[in-house]
Amino acid sequence: MTPTTRSAPSLAARAASRATNTSERGSGSRNGRRRAVGLTASALAAALALAACGGGGGDGDTGGTGGGGEGGGTVTVWHYFSDDNQVRLMDEFAAKFEGEREGVTVENVYVPYDEMNSKVIAAAGSQTGPDVVVFNGAETATLALAGALAPLDDYWADYEDAGQFPDSVIHQVEDQTYAVQGYVNLLGLWYNAEILAEIGVEPPTTIEELEDAMAAATDAGYSGITLCGLPQGQGEWQAYPWLSAEGFTYDAPDAAALEAGLARVRGWVESGWLSQQAVTWDQTVPFQEFAAGGVAFAENGNWQMGTAESDARFEYGVVPLPLGADGQVYLGGEGQGIGAYSQNPDLAWEYLTATYLDAEGQLLPVEIVGSIPSRSDAAQDEMVTGNELLQPFAETIETYGANYPSPAIPPESVGDVQLTVGQAWSAALGGQQSPADAAQNVVGQLERLGG
């Protein structure tokens with residue numbers, strides 16, 4: 001079946017539509033293409049209560065251009081999104097705010113993921129920078145401790161809708177609030193239903209079933225799985241489910257467990273199920289490979305729902321990652337904060353409360369990207385509860401959900417720990433280091449970092 005590509009309707013049009021109809025995503029019109037169960041409001045609300053602090057154009061040299069006051073001003077927003085649907089979400093947020101504030105302009109500025117922290121910190125060092133920063137929520141401490149984010153405590157104390165947000169999406173460092181998440185993101189196992197039907201297997205519920213399915217898919221001429229193997233935070237994010245499935249944790253790092261996790265996925269490369277090119281892929285590229293067809297599985301997130309709908313020309317579905325009793329999946333998403341040297345922090349806060357933190361605004365990520373709202377009222381909208389592809393992610397939150405970053409990692413060491421594990425993951429997948437050597441190196445560095 002060929003998916004229908006459609007643009008996002010306006011907020012007003014969607015509100016009117018929801019008054020009379022279930023949204024197209026949740027109406028069941030694509031039930032023949034997706035194998036999933038409807039998501040109830042109560043299940044999602046319970047899942048959100050468990051969600052942890054997270055985390056998933058121009059060159060980022062533009063400082064905030066304040067000005068403003070009543071009726072005008074410019075809000076400069078730095079982000080690292082390159083996926084078409086995520087970029088469109090930023091454009092929709094800009095249009096929403098500009099439409100509600102006469103004379104206001106929003107400038108969205110793209111900064112590569114692996115340059116975001118350094119550019120924001122460097123800008124703060126020269127007392128410049130963006131008005132709003134959209135960044136990996138797990139790295140709040142890195143930016144806050146470097147003086148690159150403005151505290152939000154006064155704004156948050158006066159925000160009348162603050163009670164709609166669980167504590168898990170409010171990012172604090174040393175008892176000060178620096179960012180809030182407008183949505184929750186996490187990983188699942190996407191599958192090509194047509195390939196699975198051809199090779200005669202069901203979506204896997206164990207790692208052994210996954211490996212058997214990948215072997216069968218490869219024998220039939222397909223690729224087994226795509227995932228991110230970059231030597232940085234994105235790599236660590238995608239590595240952790242497989243490492244934790246072998247018993248690795250940051251509370252008590254065990255080299256043998258870490259070696260087992262690295263060796264298992266390195267084995268996927270050696271078996272031809274996973275391309276060694278994964279070490280060069282961020283989280284966007286492997287899903288593009290999956291959506292192009294010819295790959296049985298993809299370890300990727302709920303935020304890829306928009307790409308799946310617009311790009312995939314085959315039947316697909318999602319199940320929780322098959323991780324066993326010990327496996328964990330990070331509950332993350334982008335944090336949104338105000339730059340420490342924003343020239344108009346009040347206008348920046350107005351932007352946040354009109355977009356990421358607004359009940360209606362939080363439905364835009366659902367519609368365009370597939371992210372789960374962080375507000376309890378938005379999470380009960382039928383656009384969410386009627387969306388069958390979100391159910392496996394909600395199930396994952398309840399079954400495998402883990403704090404992101406791990407509370408066992410000192411805030412000042414989060415960035416270094418993510419880099420250390422990401423580099424080991426990439427080196428093991430790429431064959432530059434043996435899993436045993438990579439694991440020993442990581443545990444030694446974690447001891448020095450206090451993780």
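Visitor: What is the bridge partner of Leu187 in S9?

Guide: Leu187 is partnered with Gly301. Keep in mind that we are looking at a predicted model. The two strands involved are S7, residues 187–192, and S9, residues 295–301, and they run antiparallel.

Visitor: How do you know that strands S7 and S9 pair?

Guide: Pairing requires at least two bridges between two strands. S7 and S9 share five bridges, so they count as a pair by that rule.

Visitor: Which sheet do they belong to, and what makes a strand there an edge strand?

Guide: They sit in an open sheet of four strands, ordered S8-S9-S7-S10, with mixed pairing. S8 (223–226) and S10 (316–319) are the edge strands, as each pairs on one side only. From one strand to the next the twist averages 20 degrees. Helix H9 (residues 233–245) packs on this sheet and touches S7 and S9, its direction making about 110 degrees with that of S9.

Visitor: How many strands form the other open sheet, the one with S12 in it?

Guide: Six strands form it, in the order S2-S1-S3-S12-S5-S4, and the pairing is mixed. Strands S2 (104–110) and S4 (170–173) are at its edges; each has a single partner strand, so one side of each lacks a neighbour in the sheet. The twist here averages 25 degrees from strand to strand.

Visitor: How do you know that S1 and S3 pair?

Guide: The rule asks for at least two bridges. Strand S1 (residues 73–79) and strand S3 (residues 132–136) run parallel and are joined by two, so they qualify as a pair.

Visitor: Why are H3 and H13 called roughly perpendicular?

Guide: The axes of H3 (residues 84–100) and H13 (residues 345–354) come within 10 Å and cross at roughly 115 degrees. Angles from 65 to 115 degrees count as roughly perpendicular, so the name applies to H3 and H13. The crossing of H3 past H13 is right-handed. On the H3 side, the contact is made by Met90, Phe93, Lys96, Phe97 and Glu100, and on the H13 side by Leu347, Glu350, Tyr351 and Ala354. Those residues divide into six nonpolar, no polar and three charged.

Visitor: What makes helix H17 largely enclosed by the rest of the structure?

Guide: A residue is buried when its relative accessible area is under 20%. Seven of the ten residues of H17 (residues 391–400) are buried, so the helix is largely enclosed. Among them are Gln391, Phe393, Ile397 and Tyr400.

Visitor: And why is Pro411 called partly exposed?

Guide: Its relative accessibility is 43%. Buried is under 20% and exposed is over 50%, with partly exposed in between, so Pro411 counts as partly exposed. Pro411 lies in the loop between strand S14 (401–402) and helix H18 (414–430).

Visitor: Which residues does Pro411 touch, leaving aside residues up to four places away in sequence?

Guide: Pro411 touches Ala141 and Leu145. Pro411 and Glu139 are 272 residues apart in sequence, with their C-alpha atoms 8.5 Å apart in space.

Notes
Residues numbered from 1 in each chain as written. Predicted model: local features only at pLDDT ≥ 70, side-chain atom pairs only at ≥ 80, totals over all residues. Heavy atoms only, no water. Axes fitted to C-alpha atoms, helices over the stretch in contact; angles between N-to-C directions. Parallel < 35°, antiparallel > 145°, perpendicular 65-115°, else oblique. Left-handed = near helix turned anticlockwise from the far one by under 90°. Contact = heavy atoms within 4.5 Å. Nonpolar A, V, L, I, M, F, W, Y, C, P; charged D, E, K, R; others polar. Buried < 20%, exposed > 50% of the residue type's maximum accessible area, 1.4 Å probe, protein only.
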